[in-house]
Amino acid sequence: MNIVVLVKQVPDSGAERELRSDDQTIDRSSANNVLNEMDEYAVEEALKLQEALGGEVTVLTMGPEQAGEAIRKALQMGPDKAVHVLDGALHGSCAVATSKVLAAALRTLNPDLVLAGAESTDGRVQVMPHMIAERLGIAALTGARKLTVDGGTLTVERQTEEGYEVVTAATPAIVSVWDTINEPRYPSLKGIMAAKKKPVQTLSLADLGISPDEVGFAGSTSTVVESTKRPPRQAGTKVTDSGDGGVQLVEFLATERFV
Amino acid sequence: MTVERILPTPEASDLLALVCDIADRELAPRAADFEARGEFPRELLRLLGRAGLFGLPYDEEYGGGGQPYEVYLQVLEEIAARWLAAAEAISVHTLSCYPVAAHGTDAQRKRLLPDMLGGELLGAYCLSEPAGGSDAGAMTTRAQRDGDGYVVTGTKAWITHAHHADFFNVFCRTGGPGPRGISCLLADAGTPGIVPQAAERTMALRASPIAQVAFDGARIPADRLIGEEGAGFRIAMQALDAGRLGIAACAVGLAQAALDYAVGYARGREQFGQPIIDFQGVGFLLADMATAVSAARAQTLWAARLKDAGRPYSQEAAKAKLFATDMAMRVTTDAVQVLGGAGYVADHPVERYMREAKVLQIVEGTNQIQRMVIARHLAKG
Ligand SMILES: Cc1cc2nc3c(=O)[nH]c(=O)nc-3n(C[C@H](O)[C@H](O)[C@H](O)COP(=O)(O)OP(=O)(O)OC[C@H]3O[C@@H](n4cnc5c(N)ncnc54)[C@H](O)[C@@H]3O)c2cc1C
């Protein structure tokens, strides 16, 4: 089974993140950039399937030069190769434009299965798998907490607020996963050394037959017009216990409707 | 605090990032609990082994990581900063692989090293005896040649991994008295007659119990003799030169952890209406601690770079072990002082750091022995 895993470099969600003041895109220069956490689960799922069924695992990313670091991180876990869609004209692309590019790149790879994280910690829109599925005319099984493959049939336990749904589809299909699906492996020194030698193919917009005005700011269907900083965290309530601390705590919990 | 490092290759940088990630997520949250319960973290060590940390400075040809000592030591340092017992385990294991790696025949290396360095197995190093600690050359454990094997009888003391090791380096007497009568054998843990005794009740490092190991007529095949008969003492001392640098790196990591904790506390704790770090008495104490940690790190890495360059480094290794471990004792003690009463209770890690630091002044040659090594080098000129 040939699997492509979509990965993305994002600013570390544990640290302070900023938008650029000039064009309202993510400021990657000041951020500590990491592999999107949920993508590690997608890579792990791909590697487990490969161990069971054979085939090849390719990671695919669209992003600036430095997104190569995320590719390297993913390859250190074990995938065979990577494709990096890299083109200056891509800067500012919205989700719709991005899905056009990723779908075009996926067409060149012709996978049986596309795996992705259910969301990225920067955009958090959760729509990429659906958009790609629409463009490729394949099924989207999203938000998986479990995936089983039986020949050409995929079965997914789809995590919902209330519980889970069981959905199935035939390959080729795209599956997005939550962090409940597995426990990603750590890379190893061997993986680090091996990743250096794995092929990383760079594709430009021209290679994909996409014209620059279909992507970037020009080709995007949505634009971030303005942004406001999150208000600083309010100081918490301090309860000083002078005999009635317990009562005060219960009152606080009741007013905040925790109890 | 993230320590600024200059690493020789991009792979080494990636390795350090991986190590910090694993140490932060898997080791740091568990250290206090495992130490309090005295549980040996065998599965966590396996995780570190699978990441490739059990053979870092050895040849890739035999399954090692092919990393310079300079990189290996910085890995140890980062692990020690989260949990000394885990770093100590890697250091002792790495020491235990040294005799075969440096003195084994090609056939022995090919046969034995891939498993030893592979991450699943754990090694022990049996040199000290109840009667012969600093004076290891006086050991009495005997190996009697008998057909195609040696029969080993005697008792080793203070053995790290006594109950958990998969293989034992055993230094024992095959010839007459003195250092020249000593040989090195490599025994499998399952060998009948190798009997680990009850664990010692230690001041710290309780997650990594030590014990005596009795050799009661244990039969070890002759092809497990490492180096020649009589070369054992020289092998043991060479291994310790390298091992000492590991202990120095552990000391630097432990002291860094104590410093970071003390600084964090001193910034947040207010007395007389201001953070205590703003009192010169505390601020200068922290400044001296920070300076000592940096100095020990630089000195340790300098000795490692000499080793990596193939230069003699025995004297510099002894100096690094001496300075770094004395430094760690002082810095961890001062960290307790910075926290005041809070430093003395187990709610904060610094009292544990202080207890842990003590062992580093004793193992792999006490600091008196390090001074002796250095003084002998000076006397020779
Ligand atoms: C936690 C722990 C783990 C250990 N792990 C191992 C292990 O895995 N394998 C192993 O083989 N050993 C191990 N050891 C043993 C350790 O290496 C010895 O304890 C150490 O070498 C000192 O030997 P000793 O305890 O017999 O002390 P002694 O040699 O009896 O020393 C007692 C005191 O006399 C001093 N002294 C001795 N000779 C001189 C001298 N010539 N000049 C000045 N002062 C001197 C010493 O510095 C010390 O202060 C471990 C010890 C501990 C505590």
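**Entry 1: ground rules**

I am working with a predicted model, in which local features need pLDDT of at least 70 and side-chain atom pairs count only at pLDDT 80 or more, while totals for chains, interfaces and linings use all residues. Residues are numbered from 1 along each chain as its sequence is written, and chains are lettered from A and ligands numbered from 1 in the order in which they are written.

**Entry 2: chain A as a whole**

I counted seven helices and 11 strands in chain A; helices (H or I, at least four residues) and strands (E, at least two) are DSSP runs numbered from the N terminus. Along the principal axes, the C-alpha atoms of chain A fill a box of roughly 70 × 45 × 40 Å. Of the 259 residues in chain A, 36% are buried. A residue is buried if 20 or more other C-beta atoms lie within 10 Å of its own, exposed if 12 or fewer, and partly exposed in between, with C-beta atoms placed from the backbone.

I also looked at contacts, where two residues count if their C-beta atoms, placed from the backbone, lie within 7 Å. Among contacts in chain A between residues at least 6 apart in sequence, 70% join residues at least 24 apart.

**Entry 3: the sheet of chain A**

In what order do the nine strands of the open sheet run? I read 9-8-7-10-6-1-4-5-11 in chain A, with mixed pairing; strands pair if DSSP finds at least two bridges between them. Strand 9 (164-170) and strand 11 (200-203) of chain A are the edge strands, each pairing on one side only. From one strand to the next the twist averages 35 degrees; for angles, axes are lines fitted to C-alpha atoms, for helices over the stretch in contact, and values run from 0 to 180 degrees between N-to-C directions.

I then followed strand 1 (residues 3-6) of chain A. Ile3(A) and Val5(A) point one way, Val4(A) and Leu6(A) the other, and all are buried. Strand 1 pairs in the parallel sense with strand 4 (residues 57-62) of chain A over four bridges, and Leu6(A) has Leu60(A) as its bridge partner there. Strand 1 also pairs in the parallel sense with strand 6 (residues 113-117) of chain A, over three bridges, with Ile3(A) opposite Leu113(A).

Val156(A) has Val167(A) as its bridge partner in strand 9.

**Entry 4: helices of chain A**

Helix 2 (residues 68-77) of chain A lies across strand 4, strand 5 (81-85) and strand 11, at about 160 degrees to strand 4.

Is helix 7 (residues 245-255) of chain A buried or in the open? The number buried among its 11 residues is zero, so helix 7 lies largely in the open. Arg257(A) follows helix 7, and its phi is positive, near 60 degrees.

**Entry 5: where the chains touch**

I found nine residues from chain B and nine from chain A in the contact. On the side of chain B, helix 1 (10-27) and helix 3 (42-53) each supply at least two residues, and the largest share, five residues, comes from helix 1.

**Entry 6: chain B and the ligand**

How many residues surround the ligand? I get 22, and the closest are Gly133(B), Ser134(B), Trp158(B), Thr366(B) and Gln368(B); a residue is near if its C-beta atom, placed from the backbone, lies within 6 Å. Strand 1 (123-126), strand 3 and helix 11 of chain B are the elements giving two or more residues to this shell.

Strand 3 (residues 149-160) of chain B pairs in the antiparallel sense with strand 7 (residues 210-221) of chain B over 10 bridges, and Thr155(B) has Ala214(B) as its bridge partner. Strand 6 (residues 194-199) of chain B also pairs with strand 7 in the antiparallel sense, over four bridges, and there Pro196(B) stands opposite Val213(B).

Last, I checked helix 11 (residues 367-380) of chain B against helix 9 (residues 314-339) of chain B: their axes come within 9 Å and cross at roughly 145 degrees. Leu322(B) in helix 9 and Ile374(B) in helix 11 are among the residues where the two helices meet.
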